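Thank you for coming; I would like to walk you through one protein model, a piece at a time. Please keep the picture in view while I talk.

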Amino acid sequence: MNPSDPAGAAPRRRIPSATYRFQFNAGFTFKDATELVPYLAQLGISDLYASPYLQARPGSVHGYDIVDHARLNPEIGTEHDHARMSAALREHGLGQMLDIVPNHMGIAMGARGRRNRWWMSVLENGPSSPYAGYFDIDWNPRNPELCGKVLLPVLGDQYGRVLEGGELNLVYEAGQFRIEYYENVFPANPRSTAAVLELAIEKLTLRSNDPERMELASIAAALRRLPPRRARDAQSRAERQRERIVTRRRLRDLVYRSEAVRGAVNAAVAEYNGTPGEPHSFDRLDALLNDQAYRLAYWRVAAEEINYRRFFDVNDLAGVRVERPQVFQATHDHILSLVREGKVTGLRIDHPDGLFDPRDYLVTLQRMTMGLERTEDFYVLVEKILTGDEPLPAEWPVAGTVGYEFLNRVNGLFVAPANEGKMDAIYRAFTGFDDDFENLVYEKKRLILRSSLVSELTVLTTLLDRISERNRRSRDFTWGSLRDALREVIACFPVYRTYIEAVPGVVTDRDRAWVHQAVEKAKEHNRTTSGAIFDFVRDTLLLEWPDSLDARSRSQHARFVMKFQQLTGPVMAKGVEDTTFYVYNRLVSLNEVGGEPDRFGIDPEEFHAFNLERAEQWPHALSSSSTHDTKRSEDVRARINVLSEIPEFWSERVNAWAGFNAAKVRKDGQRPVPDANDEYLLYQSLVGAWPFGELDDQGRQDFTGRVQAYMEKATREAKRHTSWLNPNPAYDKGLGGFIKDILADGESAFMDDFLPFQRMISRLGMVNSLAQTLVKIASPGVPDIYQGQEAWDFSLVDPDNRRPVDYALRGELMRSIETRRGEVGLAEAAGEMVDGWEDGRVKLHVVQTALRLRMAFPAAFTGGAYVPLVAEGARAEHAVSFARTGEGAAVIVVVPRLVATLTRDRDFALPQAADWKGTHLPLPDDLAGRYRNALTGEELRPGKHGLDLTDVFATFPVALLERMD
């Protein structure tokens, strides 16, 4: 990549203190955001964190389906609206981080609204389109019938049935023809439409020398003379584009002024569209469709034959080749102009693992924002999922990731590792589930490679087959055996992807180790298969090619390696996050993006080690606890985590509920609906997401609908009894009915037993939530607040977590807190917030106080030291504490963990000072001094053994202590 350098002065680097994520769409616009800027500033936010807001397809609720990178989404607002929002942010001292999408574009071909003009040009002109190289299309796939064409799996049935049913229609409008299929629109190759005009000429009653007839014949001839769509040379492509435009204008003008020609064209179009029940009447339309640069196909063939790279398995999102300079420029010009104008001060890169060469892309992005002679990097974050202890590549010029590795570490603090065996036994006894997590991941990744991503595997296999044919030692490997070997290696891949730079030939020791691990694991799973073929795959991936390989062969070899790396990430995401995480339901608070459900919690020592490394290597990475992609909100996870502490109570309750609801279970043939595994997931979800207070009829109906939608998504993602590709209406309907029945009666035996238990979980979950929130805000990194979650939010996976946020309520809560502080003082107001914790003020108070303190002491938080502190005494294992220091400032965080265990002897009541008797927090000499709890106003002075935790937690569940002298 080598785009030209940016014009004008480079922007200054800005490190956020805290970000706030907004999900922009037609229901939340630039105007809405502008009105909330003062609220963000008052909350303690330094930077708005915006979801993608370039022009997306109509009705997009997320913005990741961009159709035009050069414009703002008009549903979100105008340039003027955006300028007003930017001005409001500047006025209040806020920056703006923008989520951008370099990997793919939306290509939905709806009849109404905005369409992707690049994609439409490709469909009309095939390889001769000036945008043919913008998309990652295999123009020479294994199926020879698709050479030079794009497969479009959009039909609801087999092509022949759709055609002869009259569902495909040729349409003429304003000088050009198109094909319509319900809401879908497809352009017609101009050359192919010459036959339509020739039929129209036959229908004309005008004399042979009539000027209008002669003009129509001239236009038809001009269309016949257009260079073919497979023309590769620039001159022919330019001529095709030029003549296409000229003939379109001529036809438009002729049809407009001549009634006779207009009637003839309409009659020809009608004849092309055939008559249902008369199969041969569709022969002309069939011939025209076969002459297009695309092939319309039944949607079920997508997995096997689709020949363009997609975002995962989403047909409407096509991969773009941003590694090409002209594509980078076209997709980033508008974004870079916002950066140079100072309207955007940071960037979040969506799905970097889908890029051809992520490091090269990021280097180019930095050069384009900060210039060749940059002395510092622009603030850039990457949506990179790290597996286990996998490090983020140190050579990437970024501030870090968006924080999923942090999310899962802080969540693990509130899971009881000692109870893993008990929770495992309860899960297996209830469900009969006997597969281990690692094997399940392997099987589900293989499933994805046999189903939704089989076409991508086919492309890779064909590339590898061509490579094998050039070497006498590998040419006897069959195409099928290579496919099987690739499938096994990818299924065993331990991380989302490697970052081998195949063109210059760079393989790091880190990537070499990942490849070796995957290949050895594949051999273990396939002991009856010759190891030679796996060794060939390994050597190919590690660029161990023969010295005799010519330049062309080396280029093809490099392309295979780079394409391989683009596939392992989607397979991991679909196989693990979108399948296994909905099957392995032992404790679903662990089933989070980037999480490892078989890693049952972590201890404070491990968390401190993680934070120390983060402070040293990635101090400005994002610290997330909820995002638009999380499977459940931070508050839902905080509740479910409590279950890990009370396995015996949980076992009693969940088995009792199954008994109460047994009569409501449906049947799908001989199978129960829901099955025990889905029922186990449902009960955990109800415990985590149940709203506060008594539900009236409307509230119960709304909540039931949310749970039904969530469980339908969960079971379809699990792909066991139903799926998106092959829905099982009986299972879907039976599950929805079961949920409706068990939630319909607020006074049933199930509800009478469930509600008291859930209220107890909710109470302890509140403490967990406050603790993880404070830890997030004070830890190394930049804390992010997902929209609305500064107060309680019990959302499930999207689209549930994109529901409108009640900012009026949050504003009122904030004003209420300020008012009570003034009326009765901070200490009493804090106590009231704990007593009335369900109204959300207590969480908002923690968020606002911690964010403001963070902003007041940038030396301690933005670049300061992280000092682990370890409690001593009877309840030491229940405390997590650390200090942040810098330039003389010191702030200490102390939070409880495993609070159900802490309060078991008091019927799981809220923690109180007496629970901490005999427990203290020793402080090093450099942390000596008086402290003030910013959350309560209380002053504390360390004693002989440090801080007494009965004082620290005297009136509030968590503590944020600032040194006063």
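This is a predicted model: local features need pLDDT of at least 70, side-chain atom pairs count only at pLDDT 80 or more; totals for chains, interfaces and linings use all residues.

Let me start with the open sheet, which is made of six strands in the order β21-β23-β24-β29-β26-β27, with antiparallel pairing; two strands count as paired if DSSP finds at least two bridges between them. The strands at the edges are β21 (865–869) and β27 (939–940), and each has a single partner strand, so one side of each is left without a neighbour in the sheet. Strand β26 (residues 931–933) pairs with β27 over two bridges, in the antiparallel sense, and E939 in β27 is the bridge partner of R932.

Residues are numbered from 1 along each chain as its sequence is written, and side-chain values use heavy atoms, with hydrogens and water left out. As for the element names, helices (H or I, at least four residues) and strands (E, at least two) are DSSP runs, numbered from the N terminus.

Now to the helices. Two packed helices are described by the angle between their axes and the distance between the axes; here the axes are lines fitted to C-alpha atoms, for helices over the stretch in contact, and angles run from 0 to 180 degrees between N-to-C directions. Helix α16 (residues 454–468) packs against helix α19 (residues 531–541) at an angle of about 95°, with the axes 12 Å apart. That makes α16 roughly perpendicular to α19, given that angles under 35 degrees count as roughly parallel, over 145 as roughly antiparallel, 65 to 115 as roughly perpendicular and the rest as oblique. In this contact, meaning heavy atoms within 4.5 Å, L464, I467 and S468 of α16 meet F536, V537 and T540 of α19.

How do α14 and α24 pack, by comparison of their axes? Helix α14 (residues 420–431) and α24 pack at an angle of about 130°, with their axes 8 Å apart, and that makes α14 oblique to α24. The residues that meet are I426, Y427, F430 and T431 in α14, and A676, N677, E679, Y680 and Y683 in α24.

Next comes helix α26 (residues 729–744), whose buried residues include Y731, D732, L735, F738 and I742; buried means under 20% relative accessible area, exposed over 50%, and partly exposed in between (1.4 Å probe, protein chains only). Among the elements that cover the buried residues of α26 are α24 (676–689), α25 (697–718) and α27 (749–778).

In helix α27 we find F750, which is buried, with a relative accessible area of 2%. Not counting residues up to four places away in sequence, F750 touches W657, F660, N661, Y683, L686, I742 and L743. Although F750 and M423 are 327 residues apart in sequence, they are 22 Å apart in space, C-alpha to C-alpha.

I will finish with some details of the backbone. V673 and P674 are joined by a cis peptide bond, with omega about 0°, and P674 lies in the loop between β19 and α24. The peptide bond from D798 to P799 is also cis, with omega near 5°. H351, a residue other than glycine, has a positive phi near 45°, and at 8% relative accessibility H351 counts as buried.
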